[in-house]
Amino acid sequence: MKTPISSMMQRSVWTASMDDSIEVVERLVAEKGLSWVPVQDPGGAIVGVISASDLLQFHATRRDAKQVCAWELCTYKPVTVTPDADASSVASMMATHGIHHVVVMEGGLLQGVVSSLDFVRRFAAEGAAAPDQESGN
């Protein structure tokens, strides 16, 4: 039986606006404990993502976080899937493309997000629930 990605996606999603400054994005990431944030256009479409590593690289350039907008830093055209996409296929796609974040969309609306950490959490939970193979339990 295939596992839909909706079973592991984060449904509560914080987003940044294209015109938010990097300072605002960083505050959102810090306050909400995020490792990345989708970036929306004024119509609500997800146009890109900004990751914590993007923010670190930004600061290496010594540019002013108050003067740079999210649209200038985000990685455009994030990978999107539908809620019913098979989780193992999504994992394979993420590995193939070397990405850590996927946006879950349906009918043009944001449904949730999935990160590589969500897969790790799922794997760890399944491992903890499995009987100990060596002890025979």
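## The salt bridge

Arg-63 is partly exposed, at a relative accessible area of 41%. Here, buried stands for under 20% relative accessible area, exposed for over 50%, and partly exposed for anything in between, using a 1.4 Å probe and protein chains only. One thing to keep in mind from the start: this is a predicted model, in which local features need pLDDT of at least 70 and side-chain atom pairs count only at pLDDT 80 or more, while totals for chains, interfaces and linings use all residues. Residues are numbered from 1 along each chain as its sequence is written, and side-chain values use heavy atoms, with hydrogens and water left out.

The partner of Arg-63 is Glu-72: the two form a salt bridge, with their closest N and O atoms 3.9 Å apart. The term calls for a side-chain nitrogen of Lys or Arg within 4 Å of a carboxyl oxygen of Asp or Glu. Glu-72 is partly exposed too, with a relative accessible area of 36%. Searching the whole structure turns up 1 salt bridge.

Asp-54 sits in helix 2. Helices (H or I, at least four residues) and strands (E, at least two) are DSSP runs, counted from the N terminus.

What Asp-54 does have is a reach of 2.8 Å from its side chain to the backbone nitrogen of Ser-51. That is a polar contact, meaning a pair of N or O atoms within 3.5 Å; within protein, one must be able to donate a hydrogen and the other to accept it, and residues adjacent in sequence count only if both atoms are side-chain atoms. Leaving aside residues up to four places away in sequence, Asp-54 touches Val-49, Leu-73 and Thr-75, where contact means heavy atoms within 4.5 Å.

## Two nonpolar cores

A nonpolar core is a set of buried Ala, Val, Leu, Ile, Met, Phe, Trp, Tyr and Cys residues joined through side-chain atoms within 4.5 Å. As a general point, nonpolar side chains in soluble globular proteins tend to be buried together. The largest core here has 16 residues, and the members touching the most others are Ile-22, Val-25, Val-37 and Ile-50. Two or more residues each come from helix 1 (22-32), strand 2 (36-40), strand 3 (46-51), helix 2 (52-60) and helix 3 (70-73). Helix 1 gives the most, with 4 residues.

Take Ile-22: not counting residues up to four places away in sequence, Ile-22 touches Ile-50, Leu-55, Phe-58, Ala-65, Val-68, Cys-69, Ala-70 and Leu-73. Apart from this core lies another, made of 12 residues, including Val-81, Ala-87, Val-90 and Val-102.

Two strands pair if DSSP finds at least two bridges between them. Strands 3 and 4 pair in the antiparallel sense over 2 bridges, and Val-49 has Thr-75 in strand 4 as its bridge partner.

Ala-16 belongs to strand 1 and counts as buried, at 1% relative accessibility. Beyond residues up to four places away in sequence, Ala-16 touches Val-25, Leu-28, Val-37, Pro-38, Val-39 and Gln-40.

Strand 5 and strand 6 (residues 101-106) run parallel, joined by 2 bridges. Thr-80 has Val-103 as its bridge partner in strand 6, and Val-81 stands opposite Val-104. Strand 6 is mostly covered, with 5 of its 6 residues buried.

## Two positive phi angles

Most residues other than glycine have a negative phi. Arg-62, in the loop between helix 2 and helix 3, has a positive phi near 60 degrees and is exposed at 78% relative accessible area. Lys-77, in the loop between strand 4 and strand 5, has a positive phi near 55 degrees and counts as exposed at 78% relative accessibility.
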